[in-house]
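I'll go through confidence, then the pocket, then a couple of helix pairs.

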Amino acid sequence: MSPLRGCYHRLFSISQIGVLGVSFTVHFVCLLKYIVRGEVWMAVASKTRNMLENLVREGSFKWLIGNRGPFDDELEEMDRSPSAPTNWIPELSPIANVVVRRCSKILGVPTTELRKGFNAEASESIKHPSCYARNFLEYCSFRALALSTQVTGHLADKRFRRLTYDMMLALEAPASDSQPLLNLNEDLSVGIEAFSRIAPSVPIIANVIISENLFEVLATSTGGRLQFSTYDKYLSGLERAIRKMRIQSESSLLSAVRLSRGERILEVDGTVTTQPVLEHVGISTWPGRLILTDHALYFEALRVVSYDKPKRYDLSDDLKQVVKPELTGPWGTRLFDKAVFYKSISLSEPVVMEFPELKGHSRRDYWLAIIKEILYVHRFIHKYQIKGVKQDEALSKAVLGILRVQAIQEISSAPLRCEDLLMFNLCDQLPGGDLILETLANMSTVSELNRSNNSKSGGGMYSISAIDMISNLGFAFGTSSNNSAEAGLAVGEVTVGQLTSLEKAVKESKNSYEKVAQAQATVDGVKVEGIDSNFAVMKELLFPLMELGKWLLSLALWDDPLKSLVFCVVFTYIICRGWLSYAFALTLVFVAIFMVLTRFFTQGISDHEVKVLAPPPMNTMEQLLAVQNAISQAEGFVQDGNIVLLKLRALLLSLFPQASEKFAVALLVIALTLAFLPGKYVVLLIFLEAFTRYSPIRKTSTERLMRRLREWWFSIPAAPVLLEREKEEKKKR
């Protein structure tokens with residue numbers, strides 16, 4: 001056999017029996033050497049090259065370049081295991097079997113025992129064949145995560161990160177018949193549904209209320225699918241945020257003030273000279289250090305070499321606090337949108353915290369969001385009178401939310417809406433957010449009962465709670481550090497195989513929010529610029545009402561006596577028979593019928609725009625003149641209103657006795673009429689007075705009476721007005 005034929009024979013054998021890649025490389029180099037020397041026929045070389053290209057194209061050599069799936073090793077190990085027939089669950093997909101096997105190792109329980117436990121604890125609906133694989137996978141995952149999170153530093157463990165991510169992957173295709181949905185040889189990613197089930201089971205990673213918003217932030221750059229690399233960076237950021245919080249809480253910062261109250265430091269700012277924090281009180285401004293704890297906001301003014309005694313701005317007590325964004329600027333001007341306004345009944349004047357930066361106001365937005373989160377969680381606690389472990393649970397949720405925001409800020413440079421990642425902020429914005437908080441408050445008692453009953457059989461049907469997570473991270477809030485047995489009764493927000501009441505409330509609220517967002521988009525789209533254009537739109541929209549008003553006015557002025565006479569007779573009869581309420585109800589019925597008929601006859605018609613004739617365009621000078629004219633007219637209306645009020649004041653105080661006496665007599669007659677005359681006759685008198693005033697019989701007398709009334713009104717002097725200017729020393733305080 002020639003050397004070339006022998007080399008070719010060895011190469012072909014490699015492709016069939018799969019020997020080591022090093023051997024293949026040596027023989028492939030050998031083949032190239034013979035080709036270069038010209039000792040191979042052109043036909044054989046072409047055939048060899050085509051064969052190699054086909055093998056590479058078909059993926060036969062993927063093992064050579066190391067492109068193996070993340071589950072291949074474990075699947076091969078499971079195949080070689082003697083207990084493979086008993087530990088392999090046929091209802092589960094290969095990925096789900098791998099994840100269940102990992103959970104089995106963590107719990108120290110065989111897979112068969114896990115299955116027996118699930119069958120014993122789960123209800124029949126949860127064990128239904130259509131959802132058995134998914135629910136059993138959740139059961140094993142929750143039990144394994146509850147034990148894994150008890151290990152100190154679990155977030156820094158690469159195996160824990162991979163485990164939680166692979167649980168999401170398995171939940172994408174839990175059943176054996178759903179495995180074709182995943183291609184193990186491609187880059188795997190996670191969808192929002194799987195993330196929203198597994199991530200809230202570890203409260204530090206997410207919770208039910210904000211999980212979808214968090215997923216959208218993490219998956220923005222990867223087309224709506226979460227890659228492991230992004231997820232791993234996020235957990236690394238969380239681990240650093242936790243370490244930072246632990247260092248701050250264990251430091252001597254505010255130790256004399258906060259340790260007596262059991263407060264934990266959540267954030268500190270103003271320690272870097274390039275990013276100061278300025279406190280504005282009245283006309284005074286001081287730079288300093290701003291500190292947020294889980295109960296209050298502290299500001300330490302910077303002196304020459306040290307910080308002044310901290311000022312405490314309470315967030316935990318019900319002091320009618322107001323926290324909102326604020327504008328600041330030199331000499332009292334309002335130019336820069338970079339500050340937070342704080343006001344409470346315990347302060348004589350409000351306080352403004354400014355966060356200077358060159359571009360934007362992201363620092364201010366972040367601080368505003370986390371201050372509001374602490375304020376809102378304490379309002380939640382006061383509103384529902386939450387105490388003990390449930391209070392610590394609520395505080396833990398707020399603290400974990402702030403840690404998540406800090407982690408996202410560290411790994412992402414994109415603009416971030418912090419309110420969307422903080423659950424109490426989000427509940428304040430969502431439609432039905434109050435129902436979410438009410439559900440959250442009510443589910444604590446039910447959860448304690450369910451958990452106490454479930455703990456007898458293993459407690460695997462619930463995810464870990466926020467207070468347990470905080471304790472595992474090395475923190476303690478209030479009573480949780482003193483009564484660990486009671487704290488263990490708290491449960492998480494996710495339950496195996498079903499939606500909790502909180503998840504249902506969140507889902508309904510999100511659906512309502514989508515409708516509100518769509519409606520708001522239409523509102524933003526129909527806004528027009530310019531006073532004249534807005535008046536034109538308003539005039540077009542009010543056209544039906546204006547026409548109705550013109551018709552009623554023509555009836556009242558008796559422009560067509562026959563129509564006015566018929567109108568007065570019909571309404572007089574309705575009032576005398578007491579049918580006025582029925583007439584009003586019948587009008588509403590006609591409006592409802594009109595709406596239904598309009599909807600029926602306009603189905604499929606998309607042209608519902610309001611067509612408005614645009615006014616002629618105006619230049620800058622014309623617009624200024626129009627604005628000045630409108631302001632002058634508005635000023636005239638305000639002056640006329642003030643004159644009416646001043647004349648009424650003069651009548652009430654008898655500054656003009658003769659007019660006041662007539663006014664008093666008129667009020668007495670009206671009072672006696674209302675007191676002794678039945679209501680329908682009072683309405684009848686008012687109607688006849690209004691609609692027969694300009695009839696041919698009463699027109700002359702009405703004009704004479706209106707003239708006397710105008711003369712009497714013009715003869716009444718207005719009460720005097722004295723304008724006092726505020727003194728300068730009062731301004732400066």
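So, what is the mean pLDDT of the chain, and what share of its residues reach 70 or more? The mean is 81, and 82% of the residues get to 70 or more; pLDDT being the predictor's confidence in each residue, from 0 to 100.

Quick housekeeping: this is a predicted model, so local features need pLDDT of at least 70 and side-chain atom pairs count only at 80 or more, while totals for chains, interfaces and linings use all residues. Residues are numbered from 1 along each chain as its sequence is written, and side-chain values use heavy atoms, with hydrogens and water left out.

Confidence is lowest in helix α1, residues 3–17, at a mean of 36, and highest in α14, at 96. (Helices are DSSP runs of H or I, at least four residues, and strands are E, at least two, numbered from the N terminus.) Over residues 1–45 pLDDT stays under 50, and the model has 38 contacts there beyond four places in sequence, a contact being heavy atoms within 4.5 Å. Residues 451–458 also stay under 50, with 14 such contacts.

Now the largest pocket: its volume is about 1200 Å³, that is, the space filled by probe spheres set on grid points joined across faces, edges and corners. A pocket here is an open set of points on a 1 Å grid over the protein atoms alone, where a 1.4 Å probe fits, with protein on both sides within 12 Å along at least five of seven lines; lining residues have an atom within 4 Å of a point. Of the 41 lining residues, the closest to the centre are Ile-408, Pro-415, Leu-416, Arg-417 and Leu-421. Elements giving at least two lining residues each include α14 (362–383), α15 (389–411) and β1 (265–269).

Last, helix packing. The axes of α7 (111–121) and α8 (132–148) come within 10 Å and cross at roughly 110 degrees, the axes being lines fitted to C-alpha atoms over the stretch in contact, with angles from 0 to 180 degrees between N-to-C directions. That makes α7 roughly perpendicular to α8, a label covering 65 to 115 degrees. Among the residues meeting there are Phe-118 in α7 and Tyr-139 in α8.

Key
Parallel < 35°, antiparallel > 145°, perpendicular 65-115°, else oblique.
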